Amino acid sequence: MTTTPQAVRRASPRTRRAATPPDPARPLLPDAEPVRLLDPTGTPLPARTDYPEPPVEALRELYRRMVLGRRFDTQATALTKQGRLAVYPSSRGQEACQVAAVLAVRDTDWVFPTYRESMALVARGIDPVEVLTLLRGDWHCGYDPTEVRTAPQCTPLATQCVHAAGLAHGEAYQGRDTVALAFIGDGATSEGDFHEGINFAAVFKAPVVYFVQNNRYAISVPLSRQTAAPSLAYKGVGYGVPSEQVDGNDPVAVLAVLTRAVAHARAGNGPFLVEAHTYRMEPHTNADDASRYRDGAEVDAWRDRDPLVRLETYLRARGVLDDAAVAEIAEQAEAYAADLRARMNEQPSVDPLSLFDHVYAEPTPQLVEQREQVRAELAAASDEDGKA
């Protein structure tokens, strides 16, 4: 699954030297223009030595998972309209970012997602029903974070930045070469937790990749109200963190840039900040009316930059993808969606009394009384059903 270079084992905490001050001559600024390896039509641009193209096998797998991811996203949106989900934040249009990010890390690395990373989680191999459990309205995230090394999806903005820094620092302190990948939205870069997380990671050289998906809007707030910097990638400079910006709708470039960022962090060089310029095609969530703050012409312009079409065009030109392969992958995606649909249509078995679990370590007298009232009401309803 991983496309990263061979890991460099970090020194154990007993033998690691004290951190040296940052070198002022070390380049921190991102490229003036986002890194791009394919133009919007899928035509390859001149090769770059700093960001070599990933192996073609990795790109073909990237395409397959992007197709499955988009079909998953479409199905989840439909389930929301059917009342099977309480809410769903679509990531349609951001497939290159969602899938390339998890392909750039190992299964043993940690991922810290936001509420919009459902597609990334299924691309990581997590059961889609478990991914959607939280959005279904359950009290937990559905999957075991320690088993899949993926934190629960985070709704409060930027708090995952601090979590990722702490975990990465702890792993490095114990001599492990684990990298933490933290997904961030453009709006989250305005939060204090973003500052605290990246500053801590920089000072302690924690192996974190902060991946900002700049999709132009934090709900309805445009990027111009978030920053006056040339790009969000420039925010790394003030913390002594090397940064880069990339065309987030160019799947080849996203994977190449993130592969280098992960290798940088794993080698003990501290955090790396990547900003991907992309676009959210759907509303913020199913509860949002995006037409109130952006016009159709803007959406149509970004529709022409479809990352899936761009990668498919390129792989067809390389001769590693043809009609038969495209049809086979599409069939896999339909089967994936059908299985998800069937399992999500099964009514979950829930215990109403579980509402009172985990409220307090020791239930208060009032909570015990309320629980007994509910228990009595359930018993009475059961008796009525038996008589009927």
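1. Buried means under 20% relative accessible area, exposed means over 50%, and partly exposed lies in between, with a 1.4 Å probe and protein chains only. By that scale G93, at 4% relative accessibility, counts as buried. This is a predicted model, in which local features need pLDDT of at least 70 and side-chain atom pairs count only at pLDDT 80 or more, while totals for chains, interfaces and linings use all residues. Residues are numbered from 1 along each chain as its sequence is written, and side-chain values use heavy atoms, with hydrogens and water left out.

2. Surroundings of G93. The residue sits in the loop between helix 1 and helix 2; helices (H or I, at least four residues) and strands (E, at least two) are DSSP runs, numbered from the N terminus. Leaving aside residues up to four places away in sequence, G93 touches R70, N249, T278, Y279, M281 and P307, where contact means heavy atoms within 4.5 Å. For P307, which is 214 residues apart from G93 along the chain, the C-alpha atoms of the two are separated by 7.0 Å.

3. Five strands form an open sheet with parallel pairing, in the order 1-2-3-7-6; two strands pair if DSSP finds at least two bridges between them. Strand 1 and strand 6 stand at the edges, each with a single partner strand, so one side of each has no neighbour in the sheet. From one strand to the next the twist averages 20°. Axes here are lines fitted to C-alpha atoms, for helices over the stretch in contact, and angles run from 0 to 180 degrees between N-to-C directions.

4. Strand 2 and its partners.

5. From strand 2 the chain crosses through helix 7 (residues 192-203) to strand 3, in a right-handed β-α-β crossover. A crossover is right-handed if, with the strands pointing away from the viewer, the path from the first strand over the helix to the second runs clockwise.

6. Strand 6 and strand 7. Strand 6 (residues 243-247) is mostly covered, with five of its five residues buried. S243, Q245 and D247 point one way from the strand, whereas E244 and V246 point the other way. Strand 6 runs parallel to strand 7 (residues 272-277) and is joined to it by five bridges; V246 has A276 as its bridge partner in strand 7.

7. Helix 1 against helix 2. Two packed helices are described by the angle between their axes and the distance between the axes. The axes of helix 1 (residues 56-81) and helix 2 (residues 95-103) come within 9 Å and cross at roughly 125°. The two helices are therefore oblique to each other; angles under 35 degrees count as roughly parallel, over 145 as roughly antiparallel, 65 to 115 as roughly perpendicular and the rest as oblique. Helix 1 passes helix 2 in a right-handed crossing. The contact is made by A58, L62, R65, M66 and R70 of helix 1 with E95, A96, V99, A100 and L103 of helix 2. A crossing is left-handed if the near helix is turned anticlockwise from the far one by less than a right angle, and right-handed if clockwise. Helix 2 is mostly covered, nine of its nine residues being buried.

8. Helix 4 against helix 11. The axes of helix 4 (residues 128-136) and helix 11 (residues 323-344) come within 11 Å and cross at roughly 45°, which makes helix 4 oblique to helix 11. The crossing is right-handed. P128, V129, L132 and R136 of helix 4 make the contact with Y336, L340, R343 and M344 of helix 11.

9. D289. This residue lies in the loop between strand 7 and helix 9 (296-303). With a relative accessible area of 40%, D289 is partly exposed. The C-alpha atoms of D289 and E384, 95 residues apart along the chain, are separated by 44 Å.
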